[in-house]
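Please look through the sequence and the structure shown here before reading the report. Keep both at hand, as the text refers to them throughout.

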Amino acid sequence: MSEHKPHDQPCCHGHVANTAEVADERHNRVPPGFTGTVYVCPMHPQVRDIRISACPICGMSLEPDRVVAGVEDRSELEDMTRRFWVSAALTLPLFIYAMADMVAGHALHGFMQSDRSSWLQLLLATPVVAWGGAPLFVRAIQSIRSMHVNMFTLIGLGVGVAFLYSLVATVLPDIFSAAFRSMSGEVALYYEAAAVITTLVLLGQVLELRARSRTSGAIRALLELAPPIASRINKDGSESEVLLQDLAVGDRIRVRPGAKVPVDGTVEEGQSNVDEAMISGEPTPVTKTKGDSVIGGSVNGTGGFIMVATQIGEATVLAQIVSMVTEAQRSRAPIQRVADRVSAWFVPAVMLVAVVTFVIWAWLGPQPPMTYAIVNAVAVLIIACPCALGLATPMSIMVGTGKGAQSGILIKNAAALETMESVDTIVIDKTGTLTEGHPRLVMVKPEAGYSDADLLRAAASVETASEHALAGAILAAAEARSLRLDAPQDFQSVSGQGATALVSGREVAIGNEKLMRTVGAMDARLSAQAEEFRRAGQTVMFVAIAGQVAGMLGVADPIKATSLEAITRLHAAGLTITMLTGDSLVTASAVARQIGIDSVQADVSPQDKHRIVRELQAQGHKVAMAGDGINDAPALAQADVGIAMGTGTDVAIESAGITLLRGDLLGLVRARALSKATMRNIRQNLFFAFAYNLAGVPIAAGVLYPVFGVLLSPMIAAAAMSLSSVSVIANALRLRSLNF
């Protein structure tokens, strides 16, 4: 069900996929007949392994091809987290000491002699680079072997050069000429650059792995909706508890009150109200009688029934939802970082410039030519070291997501934040997203001779004995008005029509037009009035007392107060809004008219929502999906950006890239504004990160030396890196003053 990248479309790390590569079996390390967990690359499905490792093409961590119920394997996350915290603890004092050069008087440098401080820095940096950065170097080496340069190539090169140059300067300082020494005669060291880059990249890996853990957690939550066992009725009439995998199509299963329906099937005996919100998203339980279908994972009400299994295992609706969520999440590409896209040419270009610099200086340079050749080549690599590049995106994302959290916008990953700015179509669920998600009594219209209180008291008294979901809205309204209710007698529930009972000696009936005709209390005038209320999105119930219509009650799911303003502002931004709902077309259209929705598709299933999102994407649209229920999870995962209401289900929240904590769509407007501001800030940061380095590379190579006698020493190269880092940080902090 996933949609793979078209041929020749750039992937996340600057590599171009093609048919030959997809068919390449060199990266398939799964033995024939292997039945265990297989790990695949989200970006390159041809990369398959039976071990937890990294993709040799793009460097991303491989992930399981399927999620199963049980304990999650968090070994890689725990390993990366441990490496990050140890590296951070060692990097902090190293960074503070190294940055003391920028402080007048170099206060920290007075504590020990220069040669001793060099060895202390080496002592602090070595575990960070050698142990903390080991996985990064492994991926960098893999990228070189597979001839697919990526971000890890850049990181490995930068960290390795900075560290090795500093190591040579510590162990063999005498090989450096006076032109490359400070006023005090010291050779510059870059241990802090190597350590900081390593620690930042490890932090990024930890955040990525945590996001993946939450993703698999959402799928596990879906799997747990189905009960582990079912009560099967055997041929001799006895009952036995069996595992779901032991069920077969045609088995008779007893579903007790309050239990979950184990698999898909049809009701054979009994009657009950079943909560199918996981599928329809609607809060109203559905009455099930003989011949009606029931869905595995839905929750039975107070009645019991016997069902016949029609779909089991991977064929159930719940299993299909799990499959769609898994496939859609895997097909979503990670953020397309500019640094990864340019690495395809940037890294080889820098290496080529460094080699040419070394050859020319070794051939034509002054005495000692090898010293000039080594130091100038190192200066080229140092100034291209991706320190600011490593900060450019994370700093903006960190500040931007912090600003979003203050405004009730939880950003799960940078990919969602990046994509949100280019979205042109918003697909929105109705119940719980545009509306409050809870039925409420919104209309009491008594006939002549009755007051609002009389009508509501009579209806609520009958409903005290009812199991119908709408009864709760009526009872809640009566309780809010502190009405005294009478105990009903001779209560009867009329399937598909309503209910009747004796209240204070009078027969009271509450239900639809069919029930009113049965008691002889219906006319065309009342029917026309009811239709008007239905067009406004209400579920209308008539109340008859002693054979005469006493009035009408209207129950509806109220539209959230902020929905109209949010839709208006989204339209003003040029976005198209589509509503997808499992509710009826009449109710959905009524809501759409009130708040200006562009198009409506009603009576849709989770599979339909998933399909419609894919169709919009196939038409070239960038789609954001906003929803709050389990039934929205496949569409949330398939959309370019999934947006969950913070008041919704855990599965919806975990399937989405953005969560609106306050549960209203004004947060969606703010999220788009935040995305635009953050991505603009990232592009500015990347300019700062590259501008200093690229401008300094020719100078570091020595192009000015023949005319002006100017060389760019590694110290100046490091200063350029520091300046670009300061520029990046200062620019990112401007996001804190963003006003939505």
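The report below goes from the whole chain to single elements and residues.

## Basis of the report

This is a predicted model, in which local features need pLDDT of at least 70 and side-chain atom pairs count only at pLDDT 80 or more, whereas totals for chains, interfaces and linings use all residues. Residues are numbered from 1 along each chain as its sequence is written, and side-chain values use heavy atoms, with hydrogens and water left out.

## The chain as a whole

The chain has 25 helices and 25 strands, where helices (H or I, at least four residues) and strands (E, at least two) are DSSP runs numbered from the N terminus. Of its 740 residues, 52% count as buried; buried means under 20% relative accessible area, exposed means over 50%, and partly exposed lies in between, with a 1.4 Å probe and protein chains only.

The chain exposes about 31900 Å², of which carbon and sulfur atoms supply 59%, the areas coming from the Shrake-Rupley method with a 1.4 Å probe, where for residues only the protein chains shown count as cover. Among contacts (heavy atoms within 4.5 Å) with a separation of 6 or more, 66% are between residues 24 or more positions apart.

## Two nonpolar cores

A nonpolar core is a set of buried Ala, Val, Leu, Ile, Met, Phe, Trp, Tyr and Cys residues joined through side-chain atoms within 4.5 Å. The largest one has 46 residues, and those with the most contacts inside it are I567, I643, I658, L665 and L668. Helix α23 (residues 666–701) gives the most to this core, with 9 residues. A second, separate core of 25 residues includes L456, L470, A499 and V543.

## Helix α18 and residue I567

Which residues of helix α18 are buried? In this helix, which covers residues 563–572, they are S563, A566, I567 and L570. Seen down the axis of α18, these buried residues fall within an arc of 95°, so they line one face of the helix; the arc is that of the directions from the helix axis to the C-beta atoms. An α-helix has 3.6 residues a turn, so residues three or four places apart point the same way.

Leaving aside residues up to four places away in sequence, I567 touches I428, L434, I577, I595, G596, I597 and L665. After α18 comes G574, whose phi is positive, near 90°.

## Residue G400

G400 lies in helix α11 (residues 387–406) and is buried, with a relative accessible area of 0%. Not counting residues up to four places away in sequence, G400 touches L674, T678 and L735.

Two strands pair if DSSP finds at least two bridges between them. Here 3 strands form an open sheet in the order β9-β8-β11, with antiparallel pairing. β9 and β11 stand at the edges, each with a single partner strand, so one side of each is left without a neighbour in the sheet.

Strand β8 (residues 272–275) is joined to strand β9 (residues 286–288) by 3 bridges, and the bridge partner of S272 in β9 is K288. Between β8 and strand β11 (residues 299–300) there are 2 bridges, and V274 stands opposite N300 in β11.
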